Amino acid sequence: MSLRVRIALGSVLIGLGVLGLKYFAYALTGSIALYSDALESIVNVASSVAALVAVWFASKPADSNHPYGHDKAEYFAAVLVGVMIVLAALSIFEAAWRGLQAPVPADYTWQGLGMNALASVINAGWAFYLVRFGRAHSSPALAADGRHLFTDVATSVAVLVGVGLVWLTGWQQFDALLAGLVGLNVLWSGWILMKESVSGLMDEAASGDVQEKLRGLISEHGVGAIEAHDMRTRLAGKLTFVDFHLVVPGEMTVVAAHDICDRIEQAIAEALPGARVTIHVEPEHKAKHSGIVVL
C-alpha cells in the first residue's frame, strides 16, 4: 500500500470519528446548527472515500490501455468532492430555512459543545496536513479533500459562534441565520474546487514559473543545438508532460543529437520530478528563429 493510499485511508477513518463526535454533539443539544455541521461531515466521509478510490486508481502503473498512466483519476475525484460540497451547502440551506420558520430551543450542554469543538480541532489539524501533503506530492484528490475539511472547520467555528449568540441574546434565529451564511461559504468553496479540477481535466498548462524554468534548463543543457521552439506543457496529477521541437545542425549525427536530448531530459527530471519529456529533433532548415535560443 503506497503512502498516498494510506493517507487517503486515514482520511476516511478520521472522517468517521469526527462524524461520530458531531452527531453526539447534536444528539446532546438538539441544535439545528450542530445538526447541519454533522450533516456536512457525512459529505466529508463520502468525499474521503472518493479520494481513496481515486488515489488508489491513480497509483496504478501505466498499461497498454493507459500508456500515460492513471493520474487524471484524481481530478475526477476532485470534481466529485466539489459536487458533494455543493450538495452539503444545499442541505445546510434547507436546515437553516427550517430553523428560521420554526425555531426550536436547544440545550447547549458543555458536553455537546465540547465534542463539537474537539471534532473541529481534529479536522483542522488533518486538513492542514492533507493540503500540505497534496501540494508537495502533486495529489489533487488529497489536496481537495484537505480544502473540503477546511470548509468543515469554518462551518464548525461559525456554528459555535452562533451558539454563543443564541446563549447571549436568547434569539433562536441566530442559529439558523449563521448556518445559512456558512452554507454560502461552503457553496463558494465547492465552486472554486470544481473550477480548478475541471482545468486539470482540460489539460491545463504548467504555471508560468515552471515554464520559465523549463526554458532555462533547455537553454543551459542544450549546448550543440540551435534552438528549441513550440514548447507545450500539460498537467496530469503529479505528472508534468513537456514536449518541444529541438533544431540541430543538419550535419549532426543521430548519436550526437540524442546525447543533447538525454542531457536536457536528465536536467528536467532532476529539477521537476515526475516530468515526462518528448523531444522532436529537426534539421537546421526547420528553424523558426524564435522560441528558446540555444546556440
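Analyst: What follows is a set of questions and answers on this predicted model.

User: At what angle do helix α7 and helix α8 pack?

Analyst: Two packed helices are described by the angle between their axes and the distance between the axes. For helix α7 (residues 208-221) and helix α8 (residues 254-271), the axes are 9 Å apart, and α7 passes α8 in a right-handed crossing. The angle at which α7 and α8 pack is about 145°.

User: Which residues of α8 are met by residues of α7, and how many residues of the contact are nonpolar?

Analyst: On the side of α7, the residues taking part are Lys213, Leu214, Leu217, Ile218 and His221, and in α8 they meet Ile260, Arg263, Ile264, Ala267, Ile268 and Ala271. By class, the contact of α7 with α8 includes one polar and two charged residues, and the number of nonpolar residues is eight.

User: What span should α7 have, and where do its buried residues fall?

Analyst: With 14 residues at 1.5 Å a residue, α7 should span 20 Å, and this agrees with its end C-alpha atoms, which are 20 Å apart. The buried residues of α7 are Gln211, Leu214, Leu217 and Ile218. Seen down the axis of α7, these buried residues fall within an arc of 120°, so they line one face of the helix.

User: Which exposed residues does α7 carry on the face turned away from its buried side?

Analyst: An α-helix has 3.6 residues a turn, so residues three or four places apart point the same way. Exposed means over 50% relative accessible area, and the face of α7 turned away from its buried side carries exposed residues, namely Gly208, Asp209, Glu212 and Glu220.

User: Which elements do the buried residues of α8 pack against?

Analyst: In α8, the buried residues are Ala257, Ile260, Cys261, Ile264, Ala267 and Ile268. Seen down the axis of α8, they fall within an arc of 130°, so they line one face of the helix, while the face turned away from the buried side carries the exposed residues Val254, Val255 and Glu270. The buried residues of α8 pack against α7, β2 (239-247) and β3 (275-282).

User: Is Asn123 buried or exposed, and which residues does Asn123 touch?

Analyst: Asn123 has its place in helix α4 (residues 110-136). Its relative accessible area is 2%, and because buried means under 20%, Asn123 is buried. Not counting residues up to four places away in sequence, Asn123 touches Val18, Lys22, Asn44, Leu149, Asp152 and Val153.

User: Which residues is Ala78 in contact with, leaving aside its neighbours within four places in sequence?

Analyst: Ala78 lies in helix α3 (residues 73-101), and at 1% relative accessibility Ala78 counts as buried. Leaving aside its neighbours within four places in sequence, Ala78 is in contact with Pro140, Ala144, Leu193 and Ser197.

User: What is the phi of Asp230?

Analyst: Asp230 lies in strand β1 (residues 227-236), where Asp230 is partly exposed, with a relative accessible area of 36%. Although Asp230 is not a glycine, its phi is positive, at about 55°.

User: What separates the C-alpha atoms of Trp191 and Leu52?

Analyst: Trp191 has its place in helix α6 (residues 173-201), and with a relative accessible area of 48% Trp191 is partly exposed. Trp191 and Leu52 are 139 residues apart along the chain, and their C-alpha atoms are separated by 22 Å.

Note on methods: Residues numbered from 1 in each chain as written. Predicted model: local features only at pLDDT ≥ 70, side-chain atom pairs only at ≥ 80, totals over all residues. Heavy atoms only, no water. Axes fitted to C-alpha atoms, helices over the stretch in contact; angles between N-to-C directions. Helix = DSSP H or I, 4+ residues; strand = E, 2+ residues; numbered from the N terminus. Left-handed = near helix turned anticlockwise from the far one by under 90°. Contact = heavy atoms within 4.5 Å. Nonpolar A, V, L, I, M, F, W, Y, C, P; charged D, E, K, R; others polar. Buried < 20%, exposed > 50% of the residue type's maximum accessible area, 1.4 Å probe, protein only. Expected span 1.5 Å × (residues − 1). Arc of directions from axis to C-beta.
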